[in-house]
Amino acid sequence: MCSEFWSGWFDKWGARHETRPAKDMVEGMDEMLSKGISFSLYMTHGGTSFGHWAGANSPGFAPDVTSYDYDAPINEWGLATPKFWELRKMMEKYNDGKKMPAVPKAPMGIITVPKFELNEFSSMLNGEDPDLKIPVRKGSGIMTFEEMDLGWGSMLYMTQLPEIPAQSVLTADFHDFAQIFINGKYIGKVDRVKNEKSLTLPPVKKGDELEILVEAMGRINFGRAIKDFKGIVGDVTITAEVDHMETTWKPLGWSQYAMSDDYRKAVNAFKFNNDLTKPDTGVRLGLPVMWNKDGLDLVSKRGYYRGYFNLNKVGDTFLNFETWGKGQVWVNGHAMGRIWSIGPQQTLYVPGCWLKKGKNEVIVLDVVGPKEAVVWGQAEPELNKLQLEKSNKHNNIGDKPDLNSATPVATGAFAPGNGWQTVKFGAPCKGRFLAIECLSTQKANDRVAIAELYLQGSDGKRISREPWTTKYADSEEDNGNHTGDKVYDLQESTYWMTEKGAATPHLLVIDLGSEQTVTAIEYLPRAEQGAPASIKDYKVYIY
């Protein structure tokens with residue numbers, strides 16, 4: 001029994017759209033049917049994680065995009081794909097000569113929507129309406145979303161700082177996307193997706209106010225990390241060198257404002273300003289609303305935007321949000337899902353049954369602020385457009401370790417073929433980094449691939465991979481999402497693979513998160529028949 005035979009895979013923010021060849025899927029199912037093996041196809045029909053329902057994968061933190069199209073035979077909006085027709089043709093052999101049923105037609109057509117502006121605005125801190133009832137807690141220790149009875153949305157944490165005359169480093173465990181401000185001025189962001197935990201602060205004066213706006217993303221939905229609290233988890237510390245001494249502060253008195261990005265509770269209560277050229281002045285939640293010309297303060301661009309478009313006929317469409325920052329979207333009150341400019345998903349699927357003839361409302365909560373507050377509807381989705389600040393590859397030459405004088409903890413050759421292989425080290429070793437150098441392949445001039453890696457601790461058990469991150473990879477085939485993080489993603493069907501034509505040797509370096517005592521490495525080649533792109537000769541380093 002194959003309980004989940006995958007037609008595709010999850011898309012995560014900041015990585016390429018995942019696809020699986022139809023040929024591989026159909027051949028695998030044909031083999032199972034020919035041998036009388038039962039199976040479930042995951043997914044037969046793609047879908048959408050509307051609203052806040054998109055989860056996250058682990059180890060690490062890899063939040064899923066809104067689309068659950070999954071490269072399935074029937075796509076997100078219910079149409080048969082070329083993959084469907086290949087699958088159907090193969091399955092005709094197993095239908096006892098009976099005629100296959102007709103394929104249903106789409107219930108409605110696809111429509112486009114001309115570009116329109118969202119020219120009404122309300123700050124996300126605009127809580128003056130008494131019906132909003134934003135949960136507030138003042139002068140206490142740090143609490144998570146769950147402790148504040150907030151299921152999703154954002155939390156604003158505020159505290160006053162002592163005088164710190166030098167640059168300092170703020171450190172905390174932010175779940176999931178934190179923006180840091182001092183007296184309302186934007187300082188920078190800390191992104192859990194990138195495993196970031198700290199940010200450098202400028203010198204501050206006594207009484208300056210530290211504001212941290214934390215947005216929750218998808219909760220981890222399997223594995224050891226499934227207990228995934230949101231907000232600031234644990235303490236916030238600030239460390240600086242003052243008078244030639246390292247000093248650490250731990251602020252204790254925090255005010256917190258829980259902001260659920262919910263259409264009924266929040267958006268309808270706000271009073272929109274339909275002239276974006278005018279500052280939004282006044283006091284919200286007891287805070288002065290600030291404004292500066294570069295638009296980087298706490299509230300000037302971060303908030304709810306509203307606009308409208310008109311339709312003569314309804315149909316499914318794909319609203320494009322590639323000019324926006326990060327947040328949530330509602331169409332006619334329906335929560336459509338998350339958006340994030342980094343991609344790969346830039347459009348949201350809008351079912352025609354949620355649209356109407358005449359005037360339609362779109363509201364965007366952007367916690368970062370848009371480049372341009374415009375939206376349009378297109379006839380096809382955009383699920384594979386990255387807009388990253390830098391490449392998602394791990395080939396920064398400054399991260400490559402110098403192993404010339406290092407002594408490997410293991411050298412040798414892996415056996416050919418499928419299945420796990422374990423290499424015991426001669427003695428326990430300590431280090432924070434694992435480097436595996438792939439010197440040759442089982443098939444000459446082949447690419448290199450690794451499906452999964454584990455390390456064993458002093459007790460002979462696998463150590464946790466939750467804190468692992470990829471520090472360096474000399475070659476990664478990112479068009480197929482075969483990046484270094486695939487060797488610790490709990491999925492034996494995904495893998496790190498080098499680019500076509502890249503010559504051996506190859507080097508992959510994993511940051512274990514902290515110093516570990518290690519006694520062995522476990523290696524799994526690709527799970528396909530014959531274990532393609534398998535490593536032969538290797539060296540392993542722990543340093």
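Biologist: How is the confidence of the model read, and what is the mean pLDDT of the chain?

Modeller: pLDDT is the predictor's confidence in each residue. In this chain the mean is 90, and 92% of the residues reach 70 or more.

Biologist: Where does pLDDT stay under 50?

Modeller: Where pLDDT is low, the predicted coordinates should not be read in detail. Here that concerns residues 127-132, for which the model has 13 contacts beyond four places in sequence. It also concerns residues 277-296, with 39 such contacts.

Biologist: Which secondary structure elements are there, and how compact is the chain?

Modeller: The chain has 37 strands and 2 helices. Its radius of gyration is 26 Å, close to the 24 Å that the globule rule gives for 543 residues, so the chain is as compact as a globular protein of that length. Buried residues make up 53% of the chain.

Biologist: Which residues touch the most other members of the largest nonpolar core?

Modeller: A nonpolar core joins buried residues through side-chain atoms within 4.5 Å. The largest one here has 29 residues, and those touching the most other members are Y157, L170, F174, I180, L210, I212 and I232. Strands that each supply at least two residues of this core include β10 (154-160), β13 (177-182) and β16 (209-215). Apart from this core lies another, of 28 residues, among them F425, C429, V518 and Y523.

Biologist: What is I180 in contact with, beyond four places in sequence?

Modeller: Its contacts include F174, V190, L199, L201, L210 and I212, and also K185 and E211.

Technical notes. Residues numbered from 1 in each chain as written. Predicted model: local features only at pLDDT ≥ 70, side-chain atom pairs only at ≥ 80, totals over all residues. Heavy atoms only, no water. Buried < 20%, exposed > 50% of the residue type's maximum accessible area, 1.4 Å probe, protein only. Helix = DSSP H or I, 4+ residues; strand = E, 2+ residues; numbered from the N terminus. Contact = heavy atoms within 4.5 Å. pLDDT = per-residue confidence, 0-100. Rg over C-alpha atoms; globule rule 2.2 N^0.38 Å.
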